[in-house]
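I opened my notebook and went through this one a piece at a time. Here is what I looked up, in the order I got to it.

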Amino acid sequence: MPTSRRTLAAAVVVALVLPLSACGSGAGGGGSTDASGKIEGDITFQTWNLRANFKSYFEGLIAGFEKQHPGTHVKWIDQPAEGYADKISADAAGGTLPDVVNVSPDLVAPLAKAGLALDLDKSAAKYRKEYLAGAWAGHRIPGMTGTYAFPWYLNTGPLFYNKSLFRKAGLDPDQPPKTYDDLFADALRMAKESDGKVATLAGVPTVEDFGRYGVELMNKQGTGFAFNDAKGVELLSKYKELYDAKALDPQALTATPESSGKKFLTQAVAMNPGSALDLGNFKKQAPGLYENIGITDQITSTGHVNMYVMGVMVNSRTKHTPAAVAFAHYVTDARNQMSFAKKVAIFPSTAGSLDDPYFTKEDGSDETRVRIAAAKSLKNAVNYTPVLFSEQMKTALRNEVAKALQGKESPKAALDNAVKACDTLLQQQG
């Protein structure tokens with residue numbers, strides 16, 4: 001199943017290739033890692049495409065912090081989604097990286113390697129217990145010790161399915177697949193009953209799908225990839241079977257999360273991952289689909305669903321470490337995360353927040369049902385996509401998966417080649 005579309009433009013993950021010249025550079029040059037001093041000074045805070053929809057929220061957030069800490073001033077910068085990684089890379093190289101930066105795990109990895117991300121396990125360990133363990137671990141880098149960003153908002157989502165298409169294929173619309181074996185069997189049945197006209201899935205497997213299937217993605221040292229093991233080959237072989245039977249959409253090889261979503265919206269495929277935000281979209285754009293929408297849990301062999309985590313990093317070169325750490329913590333504390341979560345369909349990463357009635361109390365609506373199910377699953381969710389897995393690596397894996405599905409290579413050869421290509425790119429990251 002393809003990765004589900006993230007609910008905010010801010011959460012579009014793009015690769016960051018940090019120039020070697022960035023090593024040792026940073027705003028202010030040579031800041032202190034000691035966050036215990038007086039909270040004062042001017043700091044800059046950079047978000048990722050959030051101003052358009054959440055201007056008043058962030059202005060209120062900043063005003064609250066400045067009131068709580070007289071003598072501080074926070075300058076807010078918001079960058080567009082397009083080119084965000086390049087902007088961070090340029091700022092890192094030029095010594096103009098903001099003091100506090102909105103990042104995703106793959107963006108923080110090269111900054112941490114370059115010594116530009118503050119290790120919170122050293123500088124802010126007292127806050128660790130405030131966050132879900134899986135979320136706090138989201139910004140750890142394989143091969144390095146430490147945690148390099150405060151966890152901010154999380155996201156995950158269910159699998160949506162089309163009950164009408166299930167019914168037409170002779171499948172029980174109230175018994176969606178719960179295991180991978182169920183999924184593959186139902187998909188083959190769907191293709192057979194529709195003479196290949198209705199596929200069940202719209203996208204090829206991504207690295208997170210291999211993770212959900214139980215494949216070991218990297219070695220424990222973080223020095224090489226391992227998704228070409230027997231379990232990885234098994235998953236790709238299953239997808240090859242689906243592709244040959246037209247149980248996988250014929251355009252899956254070039255599909256994006258957006259195009260997969262459109263396929264589901266037009267009832268050309270029977271299942272697709274999504275979020276609570278999608279329900280409103282279905283209701284508005286495809287009422288026929290909305291009337292027949294089924295909602296079920298992500299399928300996983302590990303017992304842990306996939307989550308996306310966004311973070312707030314502190315520049316290790318900031319001149320005002322106590323203020324920068326205090327503000328990053330303030331943005332991500334339980335009260336402010338809860339406030340943000342009620343403005344958009346995301347989830348707080350703070351321990352205990354998911355037990356709030358907002359995430360536990362049913363009101364009969366599908367939106368609330370999705371929110372409650374997602375919140376429950378997030379308590380022990382993990383981010384399957386390796387922190388070191390860059391966009392180039394995603395492309396390399398996708399290209400090899402396509403060759404296997406088309407029969408140009410065996411699943412084993414394709415994954416061997418993908419691992420080789422990804423290991424080469426990993427070594428280039430340094």
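Entry 1: I began with Asn380, which comes out as partly exposed because its relative accessibility is 38%, between the 20% and 50% cut-offs. I am working from a predicted model here. I placed Asn380 in the loop that joins α16 (366–378) to α17 (391–405). Leaving out residues up to four places away in sequence, I found Asn380 touching Gly303 and His304. I also checked Asn380 against Asn49: the two are 331 residues apart along the chain, and 28 Å separates their C-alpha atoms.

**Entry 2: α9 and α17.** Next I followed α17 to its contact with helix α9 (residues 230–244). Their axes come within 9 Å and cross at roughly 55 degrees, so I noted α9 and α17 as oblique to each other. I have the crossing of α9 and α17 down as right-handed. Which residues meet there? From α9 I listed Leu236, Tyr239, Lys240, Tyr243 and Asp244, and from α17 Val401, Ala404 and Leu405. Sorted by type, the residues of this contact between α9 and α17 are six nonpolar, two charged and no polar.

**Entry 3: a helix on the inside.** Then I turned to α3 (residues 105–113). I wrote it down as largely enclosed by the rest of the structure, because eight of its nine residues are buried. Those buried residues are Pro105, Asp106, Leu107, Val108, Ala109, Pro110, Leu111 and Ala112. What do they pack against? I found β1 (41–48), α2 (84–94), β3 (100–103) and β8 (308–314). After α3 comes Gly115, and I noted its positive phi, near 80 degrees.

**Entry 4: the nonpolar cores.** Last, I looked up the largest nonpolar core, which has 122 residues; the members touching the most others are Phe58, Phe150, Phe225, Phe227, Met313, Phe327 and Leu397. Which helix gives the most to this core? I found that it is α13 (residues 321–331), with eight residues.

Setting aside neighbours within four places in sequence, I have Phe225 in contact with Leu217, Met218, Pro386, Leu388, Phe389, Met393, Val419, Cys422, Asp423 and Leu426. I also logged a second, separate core of 15 residues, with Ala276, Leu279, Ile293 and Ile295 among them.

Conventions. Residues are numbered from 1 along each chain as its sequence is written. This is a predicted model: local features need pLDDT of at least 70, side-chain atom pairs count only at pLDDT 80 or more; totals for chains, interfaces and linings use all residues. Side-chain values use heavy atoms; hydrogens and water are left out. Helices (H or I, at least four residues) and strands (E, at least two) are DSSP runs, numbered from the N terminus. Buried means under 20% relative accessible area, exposed over 50%, partly exposed in between (1.4 Å probe, protein chains only). Contact means heavy atoms within 4.5 Å. Axes are lines fitted to C-alpha atoms, for helices over the stretch in contact, and angles run from 0 to 180 degrees between N-to-C directions. Angles under 35 degrees count as roughly parallel, over 145 as roughly antiparallel, 65 to 115 as roughly perpendicular and the rest as oblique. A crossing is left-handed if the near helix is turned anticlockwise from the far one by less than a right angle, and right-handed if clockwise. Ala, Val, Leu, Ile, Met, Phe, Trp, Tyr, Cys and Pro count as nonpolar, Asp, Glu, Lys and Arg as charged, and the others, Gly among them, as polar. A nonpolar core is a set of buried Ala, Val, Leu, Ile, Met, Phe, Trp, Tyr and Cys residues joined through side-chain atoms within 4.5 Å.
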